[in-house]
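Biologist: I am new to reading protein models. Could you walk me through this one, step by step?

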Amino acid sequence: VGTVGASSTLSLTTGTVLTATLTASTPCTFTMPTATAGKSFVLILTQASSGMTTAVFTGVKYPGATAPTITATASAVDILTFVANGTFWFGTYAQALA
């Protein structure tokens with residue numbers, strides 16, 4: 001995906017392991033691909049090296065109905081995994097890996 005700005009539409013046409021780096025001080029809204037049953041992908045999300053920011057994902061259900069707060073440490077890595085059932089994306093996450 002590369003470096004993202006205020007918004008980014010995720011696509012699975014280039015693979016199922018995606019990487020994105022947040023732009024400093026620019027909150028990003030990620031638009032999910034169509035929730036096709038059986039589709040899944042992993043997003044490796046890296047925080048900016050300065051001016052930490054946030055990210056949200058449209059149309060995702062998380063455990064306990066609680067979306068992750070992206071790790072606000074310079075260059076931190078969060079890994080988000082998404083699986084679709086044909087109606088929704090379900091997301092899980094591992095955080096603060098850097």
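Modeller: Gladly! Let us begin with pairing: two strands pair if DSSP finds at least two bridges between them. Strands themselves are DSSP runs of E, at least two residues long, while helices are runs of H or I of at least four residues, and numbering starts from the N terminus. Here A84 stands opposite W89 in strand 9. Strand 8 (residues 77-84) and strand 9 (residues 89-94) are paired in the antiparallel sense over 6 bridges.

Biologist: Before we go on, what kind of model is this, and how are residues numbered?

Modeller: This is a predicted model, where local features need pLDDT of at least 70 and side-chain atom pairs count only at pLDDT 80 or more, while totals for chains, interfaces and linings use all residues. Residues are numbered from 1 along each chain as its sequence is written, and side-chain values use heavy atoms, with hydrogens and water left out.

Biologist: How many helices and strands does the chain have?

Modeller: The chain has 0 helices and 9 strands. An open sheet is formed by 6 strands, in the order 1-3-5-8-9-7, with mixed pairing. Strand 1 (2-4) and strand 7 (60-61) are at the edges with a single partner strand each, so one side of each lacks a neighbour in the sheet.

Biologist: Which strands pair with strand 5, and in what sense?

Modeller: Strand 3 (residues 17-22) runs parallel to strand 5, joined by 5 bridges; T19 has I44 as its bridge partner there. With strand 8, strand 5 pairs in the antiparallel sense over 7 bridges, and F41 stands opposite F82.

Biologist: What are the two faces of strand 5?

Modeller: In strand 5 (residues 40-46), F41, L43 and L45 make up the covered face, whereas S40, V42, I44 and T46 make up the uncovered one.

Terms used: Buried < 20%, exposed > 50% of the residue type's maximum accessible area, 1.4 Å probe, protein only.
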